[in-house]
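Please read them with the structure open.

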Amino acid sequence: MANYTMLTELLDLPNVRVTHYQLVGKDRLNLFVESTLEAGVCPNCQRVSLAAHDVSEPQRLHDLPIWNRRCWLRYAPRRFKCATCENTFVERVLWREPGVDYTTRYEQFIYERARREPLAQIAQTEGLIEDQVQGIFERGAKKHSPSAVTPA
Ligand SMILES: [Zn+2]
């Protein structure tokens with residue numbers, strides 16, 4: 001079995017292991033990753049569940065570019081079945097909010113750029129569509145704005 005310890009260290013996401021990688025052309029890197037946590041916490045009863053019983057469809061997530069390559073993570077969240085209440089649930093990870101196509105640090109990176117660069121330019125260099133950049137910027141602005149706490 002190939003050992004991707006070094007890539008795992010460079011990727012530096014909590015409780016994540018790189019299992020495979022793929023160079024695509026001259027400007028893209030795909031990293032296949034999985035969670036190393038052995039348990040999930042049931043959102044229904046808060047008990048720890050050890051039995052991962054299935055894997056969801058692999059998802060493609062944008063992560064920070066590295067060595068001038070766009071970096072994409074291929075990640076298949078595991079499904080757990082709670083032994084206590086029999087609820088099934090998908091694992092949650094610290095480095096990505098559910099339902100978005102980006103890691104949290106990538107969103108932060110795009111948000112910082114969007115504060116000082118035209119959105120169209122970011123979209124072009126990152127291979128995103130402008131609506132995605134706009135969406136990330138708006139999500140970030142909500143998180144960072146004090147008016148998120150006290151609406152105007
Ligand atoms: Zn449960």
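Predicted model: local features only at pLDDT ≥ 70, side-chain atom pairs only at ≥ 80, totals over all residues.

1. Helix α4 covers residues 130–144, which is 15 residues. From first C-alpha to last, α4 reaches 21 Å, close to the 21 Å expected at 1.5 Å a residue.

2. Which residues of α4 are buried? Val-133, Ile-136 and Gly-140 are. They lie on the same side of α4, because the arc they cover around the axis is only 65 degrees. In an α-helix there are 3.6 residues a turn, so residues three or four places apart point the same way. Asp-131 and Lys-142, on the other side of α4, are exposed.

3. The buried residues of α4 pack against two helices, α2 (104–114) and α3 (119–126).

4. How do the axes of α2 and α4 cross? They come within 9 Å and cross at roughly 90 degrees. An angle of 65 to 115 degrees counts as roughly perpendicular, so α2 is roughly perpendicular to α4.

5. On the α2 side of this contact are Glu-107, Gln-108, Ile-110, Tyr-111 and Ala-114. They meet Val-133, Ile-136, Phe-137, Arg-139, Gly-140, Ala-141, Lys-143 and His-144 in α4. Sorted by class, the contact of α2 with α4 has 7 nonpolar, 3 polar and 3 charged residues.

6. Arg-92 sits in the loop between β9 (88–90) and α2. Exposed means over 50% relative accessible area; Arg-92 has 62% and is therefore exposed. Arg-92 and Thr-103 are 11 residues apart in sequence, and their C-alpha atoms are 13 Å apart in space.

Note on methods: Residues numbered from 1 in each chain as written. Heavy atoms only, no water. Helix = DSSP H or I, 4+ residues; strand = E, 2+ residues; numbered from the N terminus. Expected span 1.5 Å × (residues − 1). Buried < 20%, exposed > 50% of the residue type's maximum accessible area, 1.4 Å probe, protein only. Arc of directions from axis to C-beta. Contact = heavy atoms within 4.5 Å. Axes fitted to C-alpha atoms, helices over the stretch in contact; angles between N-to-C directions. Parallel < 35°, antiparallel > 145°, perpendicular 65-115°, else oblique. Nonpolar A, V, L, I, M, F, W, Y, C, P; charged D, E, K, R; others polar.
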